[in-house]
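Biologist: Could you take me through this one slowly? I am still learning how to read such files.

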There are 2 protein chains.
Amino acid sequence: MEIDLSELRIWAREGGAIARSYFRNTIGRRKADRSWVTEGDIEVERMLVQRIADRYPDHGIIGEEKARHALNKEYVWAIDPIDGTACFVAGLPSWGVSIGLLRHGLPYLGVFYMPIADEMYWSVPSGGAFFNDTPIHVAGPGEWDNESWISVPSNSHRRYTINFSGKVRSLGSTVADLCFVARGSATGTLLTRCAIWDLAAGLSILREAGGIYIGLSGQMPDLPAMAQDGSLLPEPVLAAGPEHLDRLRAVIHPRD
Amino acid sequence: MEIDLSELRIWAREGGAIARSYFRNTIGRRKADRSWVTEGDIEVERMLVQRIADRYPDHGIIGEEKARHALNKEYVWAIDPIDGTACFVAGLPSWGVSIGLLRHGLPYLGVFYMPIADEMYWSVPSGGAFFNDTPIHVAGPGEWDNESWISVPSNSHRRYTINFSGKVRSLGSTVADLCFVARGSATGTLLTRCAIWDLAAGLSILREAGGIYIGLSGQMPDLPAMAQDGSLLPEPVLAAGPEHLDRLRAVIHPRD
């Protein structure tokens with residue numbers, strides 16, 4: 001399957017420009033799960049669904065805000081029009097437009113664009129991961145020190161005991177968290193309460209940058225099942241470079 | 001004392017442009033305390049010290065990287081050329097140029113510019129606080145919910161028990177943390193290991209936005225003493241709107 005990645009990056013920038021026009025200028029509403037949605041999310045998703053349906057009519061689409069189309073296809077797009085909507089509403093910079101493509105329910109490729117920092121992350125199936133056109137790779141072997149950092153969800157103070165020796169940040173976007181691991185800046189990231197549209201692009205980019213992931217219990221999450229019904233990760237997932245994943249899993253523990 | 005605030009904002013933007021030219025393009029070095037310094041910090045501080053000394057020759061100056069000049073004056077500038085250098089080195093967006101003015105050792109006015117998001121925060125003595133020319137105010141009374149958020153230092157997972165019901169973020173810049181409280185986005189922020197140049201601008205902006213602060217033990221920090229010798233806060237400090245400060249203090253506890 002030939003996908004035009006430069007076209008995808010144009011769509012992501014287009015979505016970013018729409019979202020940015022609402023930034024600092026929007027009123028969020030709460031969805032049934034109490035998370036935010038804005039006019040920006042809805043307008044960007046509508047635009048991306050239209051572009052994808054026109055260009056790839058044989059593919060399925062699943063999106064955060066509404067889209068559920070032909071989820072039984074070999075290729076299904078999983079899009080999050082604004083990953084990090086809570087940050088978006090709070091006026092924080094960590095949010096972006098995430099466009100992922102699943103093949104048989106597994107991350108195949110992805111594009112993530114962060115408008116505030118003008119950062120574009122993308123991956124080519126078996127062809128590497130890129131940050132603004134530069135190839136990226138997860139952090140290699142090495143000891144952690146007090147400047148090493150990981151990212152965690154913003155409710156981690158209540159949910160986990162974390163004995164990491166470096167810095168623990170909470171930035172607010174799952175896909176951004178994965179991209180900072182992919183580019184070797186963050187040592188790892190802990191992900192919770194994610195649906196497939198939060199993961200498809202970011203995990204593609206992580207994989208192509210040499211990274212891996214696993215559930216905190218040691219089980220792999222069943223992403224194809226999540227792609228069928230939009231359900232959330234059944235348990236937290238850690239992502240990191242292969243030299244760091246097991247060591248991170250040993251220092252992060254759910255609280256009782 | 002008449003201070004030209006529009007000139008200060010120009011200097012902050014000028015410093016931001018210098019720093020930004022090093023962003024994603026710098027190699028950090030560790031200082032004696034293991035924290036980062038880059039060529040960007042040094043060049044921005046040199047520029048700001050020069051501008052201030054030329055324009056306000058009767059004032060003192062204290063800066064993060066080197067400046068220690070006439071600290072016994074009524075007016076002393078406290079500057080942090082890049083607040084959030086660890087973020088800057090990590091490629092994260094939360095850093096900025098902080099220019100504060102102390103009077104008798106207490107925050108008098110300040111300007112903080114974040115180049116990546118192009119956000120300018122500033123305060124006028126007894127004249128209010130502003131974000132990109134819009135007046136700002138801390139959050140008013142109200143219950144916390146799961147979208148309320150506070151910011152904490154990146155080592156808080158080891159140091160504090162936090163029973164806050166909302167989100168806890170760690171973004172990486174002390175002054176940005178204070179500005180997000182000042183504009184009513186964050187409910188509060190916990191500050192540790194800060195020197196006077198991390199606090200002068202941010203606390204001026206917080207005060208003019210109606211915010212207050214106090215040490216976790218209930219004591220006020222002795223800022224004039226910190227302005228004399230560049231020493232760090234003797235204990236963590238909480239900053240918030242007056243409706244939230246005591247309630248936050250009740251849910252954040254140092255670990256043994």
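Modeller: Let me begin with a term: two residues are in contact if their C-beta atoms, placed from the backbone, lie within 7 Å. The model is predicted, so local features need pLDDT of at least 70 and side-chain atom pairs count only at pLDDT 80 or more, while totals for chains, interfaces and linings use all residues. Residues are numbered from 1 along each chain as its sequence is written, and chains are lettered from A and ligands numbered from 1 in the order in which they are written.

Biologist: Okay, then what is Ile205(B) in contact with, leaving aside its neighbours within four places in sequence?

Modeller: With those neighbours set aside, Ile205(B) is in contact with Gly110(B), Phe112(B), Tyr121(B), Trp122(B), Ser123(B), Ala129(B), Leu178(B), Cys179(B) and Ala182(B).

Biologist: And how many residues does the largest nonpolar core have?

Modeller: The largest nonpolar core has 162 residues, and those with the most contacts inside it are Ala182(A), Ile205(A), Ala182(B) and Ile205(B). Such a core is a set of buried Ala, Val, Leu, Ile, Met, Phe, Trp, Tyr and Cys residues joined through C-beta atoms within 7 Å. A residue is buried if 20 or more other C-beta atoms lie within 10 Å of its own, exposed if 12 or fewer, and partly exposed in between, with C-beta atoms placed from the backbone.

Biologist: How many residues of helix H5 of chain B are buried?

Modeller: Helix H5 of chain B, residues 174-182, is mostly covered, since 9 of its 9 residues are buried, among them Asp177(B) and Phe180(B). Just after H5(B), Gly184(B) takes a positive phi of about 80°. Helices (H or I, at least four residues) and strands (E, at least two) are DSSP runs, numbered from the N terminus.

Biologist: Switching to chain A, in what order do the strands of the open sheet come?

Modeller: The 5 strands follow the order S13-S11-S14-S16-S15 in chain A, with mixed pairing, where two strands pair if DSSP finds at least two bridges between them. S13 and S15 are the edge strands, each pairing on one side only.

Biologist: Which strands run parallel, and which antiparallel?

Modeller: S11(A) and S13(A) run parallel and are joined by 3 bridges, with Ser151(A) opposite Arg169(A). S14(A) and S16(A) run antiparallel with 4 bridges, and in S16(A) the bridge partner of Thr189(A) is Ala239(A). S15(A) and S16(A) are also paired in the antiparallel sense, over 4 bridges.

Biologist: Which way do the residues of S16(A) point?

Modeller: Val237(A) and Ala239(A) point one way from S16(A), Leu238(A) and Ala240(A) point the other way, and all are buried.

Biologist: What about the domains, how is chain A divided?

Modeller: Chain A is divided into domain 1 (5-136) and domain 2 (149-254), with bounds that come from an automatic or database domain assignment. Their centres, taken over C-alpha atoms, are separated by 19 Å, and the contact takes 40 residues from domain 1 and 29 residues from domain 2. On the side of domain 1 that touches domain 2, the largest share, 8 residues, comes from S7(A).

Biologist: Last one, how many residues does the contact take from chain A and from chain B?

Modeller: That contact takes 23 residues from chain A and 23 residues from chain B. On the side of chain A that touches chain B, S13(A) gives the most, with 3 residues.
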